[in-house]
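Open your viewer and get ready to click. This tour tells you what to select next and what you will find there.

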Amino acid sequence: MYQLFLNELTPAQFLAEYWQKNPLLIKAGFKNFIDPISPDELAGLAGEEEIESRIVSNKNAVWDMETGPFEDFSHLGEEGWTLLVQAVDHWHPHSAALIEPFRFIPNWRIDDLMVSFSTAGGGVGPHLDQYDVFIIQGQGKRHWRVGMPDSSLQQHCPHPRLLQVTPFIDCIDVITEPGDILYIPPGCPHDGISLDPSLNYSVGFRAPAQKDLLTGLADHLIDQDITGRRFTDPERQIPASVGAISEQDLSQVQDLLRQLVEDKNLAAQWFGSYISHAKHELDTTEPDPHYETDEIAEYLEEGSVLAKLGGLRTLYYQSNPAEDIQLFINGDRFLVPVTELETVKKLTDQISLSQEDCQHFAADNGRLQLLTLLINKGYWYFTE
């Protein structure tokens with residue numbers, strides 16, 4: 001397990017002083033860092049049809065981008081290109097462990113782990129992202145420049161699928177070494193150029209836009225056949241013009257929408273399901289045939305331990321301590337008794353269930369049934 005060292009900062013101080021405010025270089029954030037994946041293993045993942053990957057290259061000042069899967073890299077040469085693979089945490093448990101030290105940020109905000117391999121001179125060019133990211137340096141060295149948000153920066157496309165920014169003034173100019181970590185807030189321009197063959201690990205965070213939230217809410221209303229209240233106007237007056245939308249009408253429509261999103265129970269059910277759904281395909285393997293509850297109980301009594309599927313999003317919502325708990329797992333919603341908060345936290349806050357944890361589930365039939373269901377969905381699996 002990786003341990004994060006913020007040097008002179010506590011996680012609380014980091015959130016107060018840097019999170020979504022200022023970029024930060026964390027020297028030796030992971031001490032004695034060992035790469036969890038090799039370049040060859042990463043190339044193997046990039047050869048899989050269901051895994052999102054791309055190659056960005058810059059040869060003789062000409063940018064290019066290809067999308068995977070990739071079977072051969074020999075045509076790319078020894079310099080000037082980068083392989084990027086998304087959601088490696090879904091497919092590679094050792095790499096997924098890199099996300100865990102950053103879980104002082106809530107589960108729902110964490111997106112995925114992207115891993116990149118770059119040859120000397122490789123990079124994706126100066127750009128900015130609309131989300132927070134921690135970039136961990138693995139093997140090799142990389143020259144990074146990071147700036148502060150600047151409204152005067154112009155974006156351009158040196159390739160139809162590459163968006164870059166014009167030159168920027170940096171506030172960080174550093175060569176990162178294994179175990180160094182860069183934190184980059186949204187909107188901060190940055191540019192990383194590999195000095196030799198290197199690996200980088202990017203822990204990205206979700207930042208849903210209003211458009212995405214409204215679309216997700218609309219989908220939920222349709223799926224659940226929720227109509228909500230209708231527009232009414234019992235105090236209607238004769239208008240000066242029948243073609244005009246009055247300020248009163250527009251305000252009433254806004255109030256109608258506001259009442260919908262301010263329905264706390266509806267918002268919790270929708271948002272929990274929406275934000276817990278995996279953005280990338282999960283590597284689920286359901287047991288065949290499915291386990292019966294008594295089989296699971298027997299395995300647990302024998303001392304079995306369980307691991308959570310990589311990339312699985314597990315969240316919960318409880319409006320007050322006296323109400324039942326809404327547990328959300330990959331878009332599914334489970335209503336759990338108020339007395340089972342400890343059970344819920346084991347499922348949401350941990351990436352594995354120890355023998356002691358498993359005994360907790362074996363001790364109650366309701367817990368056992370829930371765990372059996374989750375194992376049969378392929379969300380948790382037995383480990384040695």
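Start with a word you will need: a residue is buried when its relative accessible area is under 20%, exposed when that area is over 50%, and partly exposed in between, using a 1.4 Å probe and protein chains only. The model is predicted, so local features need pLDDT of at least 70, side-chain atom pairs count only at pLDDT 80 or more, and totals for chains, interfaces and linings use all residues. Residues are numbered from 1 along each chain as its sequence is written, and side-chain values use heavy atoms, with hydrogens and water left out.

**Stop 1: the whole chain**

Show the C-alpha trace. Along its principal axes it spans about 75 × 70 × 45 Å. Now colour by secondary structure. The protein chain has ten helices and 19 strands. Helices here are DSSP runs of H or I with at least four residues, strands are runs of E with at least two, and both are numbered from the N terminus. Of the 384 residues, 45% are buried.

Next, colour the charges. There are 26 positive and 59 negative side chains. Lys and Arg count as positive, Asp and Glu as negative, while His and the chain ends are not counted. The centres of the two sets lie 8 Å apart, with each charge placed at NZ of Lys, CZ of Arg, CG of Asp or CD of Glu.

**Stop 2: strand S11**

Select residues 181-184, which form strand S11. Which way do the side chains point? Ile181 and Tyr183 point one way, Leu182 and Ile184 the other, and all are buried. In a regular strand the side chains alternate between the two faces of the sheet.

S1 and S11 pair in the antiparallel sense over three bridges. Strands count as paired if DSSP finds at least two bridges between them. Find Ile26: its bridge partner in S11 is Ile181. Four bridges join S6 to S11, and the two run antiparallel. Here Val133 has Ile184 as its bridge partner.

**Stop 3: the cores**

Select Leu42, Leu83, Phe134, Ile136 and Tyr201. These have the most contacts inside the largest nonpolar core, which has 39 residues. A nonpolar core is a set of buried Ala, Val, Leu, Ile, Met, Phe, Trp, Tyr and Cys residues joined through side-chain atoms within 4.5 Å. The elements giving two or more residues to this core include S1, S6, S11 and helix H2 (39-46). Apart from it lies another core of 26 residues, among them Leu282, Leu327, Phe334 and Leu368. In soluble globular proteins, nonpolar side chains tend to be buried together.

Zoom in on Leu42. Leaving aside neighbours within four places in sequence, Leu42 is in contact (heavy atoms within 4.5 Å) with residues including Leu83, Val85, Phe117 and Leu199.

**Stop 4: cis peptide bonds**

Go to Gly68 and Pro69. A cis peptide bond joins them, with omega about 10°. Pro69 lies in the loop between strand S3 (62-67) and strand S4 (81-85). Now jump to Asp288 and Pro289. That peptide bond is also cis, with omega near 5°. Pro289 sits in the loop between helix H6 (264-276) and helix H7 (293-301).

**Stop 5: positive phi**

Select Asn7, in the segment before helix H1 (11-17). Its phi is near 60°, a positive value in a residue other than glycine. Asn7 is partly exposed, with a relative accessible area of 46%.

Finish at Asp225, in the loop between helix H4 (210-223) and helix H5 (247-261). Asp225 has a positive phi of about 55° although it is not a glycine. Is Asp225 buried or exposed? Asp225 is exposed, because its relative accessible area is 67%.
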